[in-house]
Amino acid sequence: TAACAINCRYCFRRHFPYQENRAEQNWQETIDYIRSHSDIHEVILSGGDPLSLTESRLKKLTDQLLDIPHIKTLRLHTRQPIVLPERVNNELLDWLDSLPWKIVMVLHCNHANEIDIAVADALKHLHQHNITLLNQSVLLAGVNDNHEVLINLSHKLFEHHVLPYYLHRLDKVQGAKHFYVENNTASRLINHLRQHLPGYLVPKLVEEKSGEKSKIAIN
């Protein structure tokens with residue numbers, strides 16, 4: 001199966017030279033590191049989109065992880081089930097079913113309108129195959145910087161077996177200033193969500209900071 005690359009205009013990776021950094025180049029070094037560190041229980045495939053690879057290439061990677069006993073979870077960060085729902089096909093599901101680990105898939109949906117019939121069907125198939133589904137959104141001015149929009153998104157996600165996970169502050173990338181939402185507005189929005197949604201439907205408000213090993217929680 002061939003898949004496409006998705007380059008979001010507000011992503012800090014949109015200018016990354018992917019063709020010069022093919023995935024296989026650094027696989028062995030990474031796999032050796034995971035194998036030698038028994039405290040690593042989860043492997044994350046992300047940044048670009050792992051589902052832009054074919055199933056054969058994905059299987060080539062996961063086959064090399066099968067003999068590492070301390071791996072318990074495989075997590076994939078992907079936008080493709082939202083923008084290319086036909087990517088959730090039998091070949092992908094068969095590969096996921098073949099894996100011995102708990103599978104977590106973190107989707108990227110910014111607005112409830114993105115969840116149409118085709119996307120809903122893809123999410124249903126993933127859920128039926130015991131994939132834990134989470135979602136991360138980017139807070140975008142003029143798109144979802146409204147509490148009603150965000151509340152509707154959380155409800156729509158949950159309706160389709162997806163839990164909200166992160167709400168990202170915008171990365172400071174060239175050409176995306178018009179999407180920027182001020183800190184106080186972002187904080188007001190997340191506080192409103194806490195007042196009107198159960199805790200499990202309130203995403204964590206976070207941002208990326210250069211040099212930090214993980215996302216930074218806000219408010």
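**Group meeting: a walk through the predicted model**

I will start on the surface. Phe 158, Leu 163 and Tyr 200 make a nonpolar surface patch of about 280 Å². A patch here is built from residues with over 30% relative accessible area and no salt bridge, with like charges joined within 9 Å and nonpolar side chains (Val, Leu, Ile, Met, Phe, Trp, Tyr) joined within 5 Å. Areas come from the Shrake-Rupley method with a 1.4 Å probe, and for residues only the protein chains shown count as cover.

Some ground rules. This is a predicted model, in which local features need pLDDT of at least 70 and side-chain atom pairs count only at pLDDT 80 or more, while totals for chains, interfaces and linings use all residues. Residues are numbered from 1 along each chain as its sequence is written, and side-chain values use heavy atoms, with hydrogens and water left out.

Tyr 200 sits in the loop between α7 (183–196) and β6 (204–207). The cut-offs are under 20% relative accessible area for buried and over 50% for exposed, with partly exposed in between, using a 1.4 Å probe and protein chains only.

Now the overall layout. The protein has seven helices and seven strands, and from the N terminus they run α-β-α-β-α-α-β-α-β-α-β-α-β-β. Those are DSSP runs numbered from the N terminus: helices are H or I with at least four residues, strands are E with at least two. Of the 219 residues, 45% are buried. The accessible surface comes to about 11900 Å², and 49% of that belongs to carbon and sulfur atoms. Among contacts between residues at least 6 apart in sequence, 82% join residues at least 24 apart; contact means heavy atoms within 4.5 Å.

The sheet is next. It is open, with seven strands in the order β1-β2-β3-β4-β5-β6-β7 and mixed pairing. The edge strands are β1 and β7 (216–217), each pairing on one side only. Two strands pair if DSSP finds at least two bridges between them. Strands β6 and β7 run antiparallel and are joined by two bridges. Glu 207 stands opposite Ile 216 in β7.

Which residues touch the most other members of the largest nonpolar core? They are Leu 74 and Leu 96, in a core of 38 residues. Elements giving two or more residues to this core include α1 (27–36), β1 (42–45), β2 (73–77) and α5 (117–128). Helix α5 gives the largest share, five residues. A nonpolar core is a set of buried Ala, Val, Leu, Ile, Met, Phe, Trp, Tyr and Cys residues joined through side-chain atoms within 4.5 Å.

Leaving aside neighbours within four places in sequence, Leu 74 is in contact with residues including Val 43, Leu 45, Trp 95, Trp 101 and Ile 103. There is also a second, separate core of 15 residues, with Leu 139, Val 181, Leu 189 and Ile 218 among them.

His 125 lies in helix α5 and is partly exposed, at 26% relative accessibility. Not counting residues up to four places away in sequence, His 125 touches Val 88 and Leu 93. The C-alpha atoms of His 125 and Leu 93 are separated by 8.2 Å, with the two residues 32 apart along the chain.

Last, the charged pairs. Side chains of opposite charge can pair when their charged atoms come close. The rule for a salt bridge is a side-chain nitrogen of Lys or Arg within 4 Å of a carboxyl oxygen of Asp or Glu, and the count comes to seven.

Asp 32 bridges to Arg 35, with the closest N and O atoms 3.6 Å apart. Both are in helix α1, three residues apart, so about one helical turn separates them. Asp 32 is partly exposed at 39%, and Arg 35 is partly exposed at 35%.

Arg 35 also meets Asp 67, at 3.0 Å from N to O. This pair links distant parts of the chain, since Asp 67 is in the loop between α2 and β2, 32 residues from Arg 35 in helix α1. Asp 67 is exposed, at 52%.

A further bridge joins Asp 63 and Lys 59 at 2.9 Å, N to O. Both lie in helix α2, four residues apart, about one turn of the helix. Shared partners join Asp 32, Arg 35 and Asp 67 into one network of salt bridges.
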